[in-house]
Amino acid sequence: MKRILVSAAFAAMALCPALAQQTTYVPTPENIASRQDFAERRFGIFLHWGLYSMFAQGEWYMQNAGIPYAEYSKAASAFYPANFNAHDWVAAIKASGAGYITITSRHHEGFSMWDTKCSDYDIIDATPFKRDVLKELAEECQKQDIRLHFYYSHLDWGRDDYPMGRTGTQCKKDPTKADWKHYYKFMNDQLTELLTNYGPIGAIWFDGWWDHDSDATPFDWELPEQYELIHRLQPACLVGNNHHMSPNPGEDIQIFERDLPGENKAGFVDEAAEISRLPLETCETMNGMWGYKIIDQNYKSATQLVHYLVNTAGKGANLLMNIGPQPNGELPATAVQRLKEMGEWMNGCERGTSKVNPSGLAHVETIRGTVAGDVPVQSWGATTRCGNRLFVHILKHDQQELYLPLNCKVVKAFAFDDKAPVKVTKTPSGVVLTLPAVPTGVDYVVELETK
Ligand code: GLC
């Protein structure tokens with residue numbers, strides 16, 4: 001069905017050049033530079049924080065438990081995240097080696113985490129906390145020099161004016177009051193606030209498009225005008241949309257949910273979706289849920305997280321790793337511990353300390369600022385490249401020899417950690433590396449200087 005719609009759109013463009021004209025998007029030089037900067041950072045932290053955190057059941061609780069909006073929204077009057085400290089959040093995230101933060105400004109529940117003038121259902125007007133947490137975070141990100149992105153839900157389970165899709169059906173909205181024009185203006189007014197009052201915003205990360213993917217007649221989200229508004233307000237602000245399809249005109253990054261580009265293990269990717277030439281980003285959860293879920297202690301180990309990051313970088317994509325902050329305003333202790341452990345690997349600290357490794361090794365060099373390496377991701381690991389340096393990340397391999405289907409000339413080869421020489425033998429279809437020993441550790445990196 002979706003494939004037919006996409007082809008129909010192309011056919012219409014062929015017949016009507018004016019339409020094609022309208023949908024042509026030419027990114028500004030600031031936008032291109034911002035894409036480059038985004039891609040070079042390679043690693044970001046996603047934060048899902050909202051009223052849903054109070055119920056501690058994940059961000060879909062309202063829908064999953066069938067709670068009417070009128071009841072659910074009462075939780076706002078008790079939202080008081082007393083221990084929220086933007087400085088500590090940003091410091092912990094930065095120490096992990098992450099280069100940006102993406103936080104939910106308003107999720108499907110419809111609650112705004114900033115001082116919006118477009119509704120009273122927000123952290124200033126509806127809670128006793130009365131602090132604009134996005135403002136505090138934005139200022140701290142500026143101070144600590146880390147990029148800030150805002151997640152923004154296109155769908156809303158609470159507002160009557162949002163025309164209901166396939167979710168939110170149990171929240172007891174009044175469908176007769178649906179008013180798309182009114183809702184669209186509300187969203188654009190909110191986006192204008194977010195892009196006017198919070199300093200430079202690296203990206204707007206949309207979610208919820210799929211709420212109308214099963215409509216009998218295609219739903220028009222009027223995306224081009226909305227994207228145009230964003231780019232007009234902040235030309236360097238990137239637009240991403242978690243719609244699981246090929247990117248639409250006006251989008252600057254392509255998002256993959258719980259899958260590396262080219263994979264579809266989670267089953268979200270549309271069958272017609274293609275990997276574009278835009279910067280790519282994969283989002284994943286550190287435990288199993290996006291929003292805080294009290295029972296979910298299923299955290300990935302530090303080793304697994306490093307492996308995710310390496311494999312994502314090996315695909316030439318960014319990793320956006322999620323944490324669900326607690327209702328008291330703290331990041332869960334295990335998540336903070338994982339951030340620290342990732343930082344130790346990234347920044348080359350001795351394990352368990354913040355002392356910089358005497359060898360001065362920082363694995364961040366093998367991730368940040370790299371592109372996908374010459375050898376596609378393999379069962380043993382992945383490769384990344386920075387200029388003439390090719391990094392071979394061996395994550396799991398029980399032999400001393402490793403074959404690489406490599407066309408370029410290798411001038412020098414050594415272990416990244418201790419500089420031990422690695423023997424390179426040419427074969428008709430590539431090279432065989434002979435390592436000093438069977439590789440051990442989280443990630444045994446071999447650095448190849450190539451020509
Ligand atoms: C899905 C979920 C949503 C979450 C998002 C993050 O769209 O519905 O709750 O915010 O994934 O990728």
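How exposed is K419? I looked this up before anything else. K419 is partly exposed, at 46% relative accessible area. For my scale, buried is under 20% relative accessible area, exposed is over 50%, and partly exposed lies in between (1.4 Å probe, protein chains only).

**Ground rules.** I am working on a predicted model, where local features need pLDDT of at least 70, side-chain atom pairs count only at pLDDT 80 or more, and totals for chains, interfaces and linings use all residues. Residues are numbered from 1 along each chain as its sequence is written, and side-chain values use heavy atoms, with hydrogens and water left out.

**Positive phi.** I stayed with K419. Its phi is near 65°, a positive value in a residue other than glycine. K419 sits in the loop between β13 (410-415) and β14 (423-427). Helices (H or I, at least four residues) and strands (E, at least two) are DSSP runs, numbered from the N terminus. I then checked K172, a non-glycine residue with a positive phi near 60°. K172 lies in the loop between β3 (147-153) and α9 (180-194). K172 counts as exposed because its relative accessibility is 67%. I noted the background: most residues other than glycine have a negative phi.

**Ligand site.** Next I listed the shell. The ligand is surrounded by 14 residues, and the closest are H48, E59, W60, H107 and E257. Here a residue is near if one of its heavy atoms lies within 4 Å of the molecule. I sorted the shell into 7 nonpolar, 4 polar and 3 charged residues. In this sorting Ala, Val, Leu, Ile, Met, Phe, Trp, Tyr, Cys and Pro are nonpolar, Asp, Glu, Lys and Arg are charged, and the others, Gly among them, are polar.

I looked for ligand oxygens beside side-chain N or O atoms. For H107 the distance is 2.7 Å. For D207 it is 2.9 Å. For E257 it is 2.9 Å. The protein buries 94% of the 310 Å² that the ligand exposes when taken alone. Those areas come from the Shrake-Rupley method with a 1.4 Å probe.

**E251.** E251 lies in the loop between β5 (238-241) and β6 (254-257). Its side chain makes a polar contact of 2.7 Å with the side chain of Y227. A second polar contact, at 3.0 Å, goes to the side chain of N248. I counted a polar contact as a pair of N or O atoms within 3.5 Å; within protein, one must be able to donate a hydrogen and the other to accept it, and residues adjacent in sequence count only if both atoms are side-chain atoms.

**Salt bridges.** I got a count of 22. One of them pairs D37 with R147 at 2.8 Å, N to O. D37 is partly exposed at 26% relative accessibility, while R147 is buried at 10%.

I also checked K181 and E222, whose closest N and O atoms are 3.3 Å apart in a salt bridge. K181 is in helix α9 and E222 in the loop between β4 (203-207) and α10 (223-233). K181 is exposed at 58%; E222 is buried at 16%.

Notes:
Salt bridge = Lys/Arg side-chain N within 4 Å of Asp/Glu carboxyl O.
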